[in-house]
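Below are my notes on the model, as numbered points. Please read them alongside the coordinates.

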Amino acid sequence: MNHNGHPFSRRRLLAGAAAASAVTVTGVAATSTAAAASPTHAPTPLVTQGRIGSAVLHAPGGGPTAARFQADFHDRLVSWLAFWSANSPAAWSTPVQIEARVDRSGDTLTLHAIRYRRNDELHDGFAAGRVDGSHWAALASLHHHFPVVTPLAGGAIQVGDGVAGFTGSPTQVAFAVAACRQLWGDPAATAAGWHEHAGRALARAGQRADVASRAGWATFTRSSLRRGLGTDSYE
């Protein structure tokens, strides 16, 4: 398995992750915003799927599998993966494998890897625990499409169903701070001043928008995805 990405030092990545955790705990008052963003589903039949869009679903550390999804959640995951692919480098194929686990309720997914082909070889576009910009890029792409996105120990990312948009939750603010530091080279970013720092990142990307608005958040996460994957440098 070839690993393709833009390497970050392990110390830098771990420092960024620790800072993001600290932001969640100390920089933003705990609220029920994230919990409120997670939708409640009426009892509906789950749909069994062995793919997400173009990608075959694989069990973590295993082979092809099928999982039971809430239908709307699966549709959102298909849109998310198409978005990831559209903003990845041109030399990458559309994703061919997703390594993930879906919970029993069918509305929460834990992502471990995204794989694509290049020159007839399989590559990791994102792999849990890998130290490079694709970690932040994956978080950015998921924050673009879902309201509840949680990094887990070991590098996997858990995402819950819901309508995308900025909620001001601690996890969103923590991501914004970490993205400013790790992707946009702004080590001074803090929870208290995250709005200003994220605005500077948008300005570097040639965009003028309020990052706390729906449109601004969408632009910030898309630009961070492209910078993390090296599609655009915005220099």
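1. A salt bridge here is a side-chain nitrogen of Lys or Arg within 4 Å of a carboxyl oxygen of Asp or Glu. By that criterion, the structure holds nine salt bridges. Asp72, Arg76 and Asp161 are linked in a network of them.

2. On provenance: this is a predicted model, in which local features need pLDDT of at least 70 and side-chain atom pairs count only at pLDDT 80 or more, while totals for chains, interfaces and linings use all residues. Residues are numbered from 1 along each chain as its sequence is written, and side-chain values use heavy atoms, with hydrogens and water left out.

3. The protein has seven helices and ten strands, taken as DSSP runs numbered from the N terminus (helices: H or I, at least four residues; strands: E, at least two). Of its 235 residues, 49% are buried; buried means under 20% relative accessible area, exposed over 50%, and partly exposed in between, with a 1.4 Å probe and protein chains only.

4. The accessible surface of the protein is about 10400 Å², and carbon and sulfur atoms account for 53% of it. Areas come from the Shrake-Rupley method with a 1.4 Å probe; for residues, only the protein chains shown count as cover. Among contacts (heavy atoms within 4.5 Å) between residues at least 6 apart in sequence, 60% join residues at least 24 apart.

5. Where do Glu235 and Arg204 lie? Glu235 is in the segment after helix 7 (214-229) and Arg204 is in helix 6 (residues 194-204), so their pairing ties together parts that are 31 residues apart in sequence. The two form a salt bridge with the closest N and O atoms 3.2 Å apart. Glu235 is exposed, at 71% relative accessible area, and Arg204 is partly exposed, at 36%.

6. Arg226 and Asp232 also form a salt bridge, with the closest N and O atoms 2.8 Å apart. Arg226 counts as buried at 19% relative accessibility, whereas Asp232 is partly exposed at 28%.

7. Are Asp132 and Arg130 buried or exposed? Both are buried, and their side chains meet in a salt bridge at 2.8 Å, N to O.

8. Thr167 sits in the loop between strand 10 (157-160) and helix 5 (170-182). With 30% relative accessibility, Thr167 is partly exposed. The side chain of Thr167 reaches the backbone nitrogen of Ser169 at 3.3 Å. Thr167 and Trp217 are 50 residues apart in sequence, and their C-alpha atoms are 9.7 Å apart in space.

Key
A polar contact is a pair of N or O atoms within 3.5 Å; within protein, one must be able to donate a hydrogen and the other to accept it, and residues adjacent in sequence count only if both atoms are side-chain atoms.
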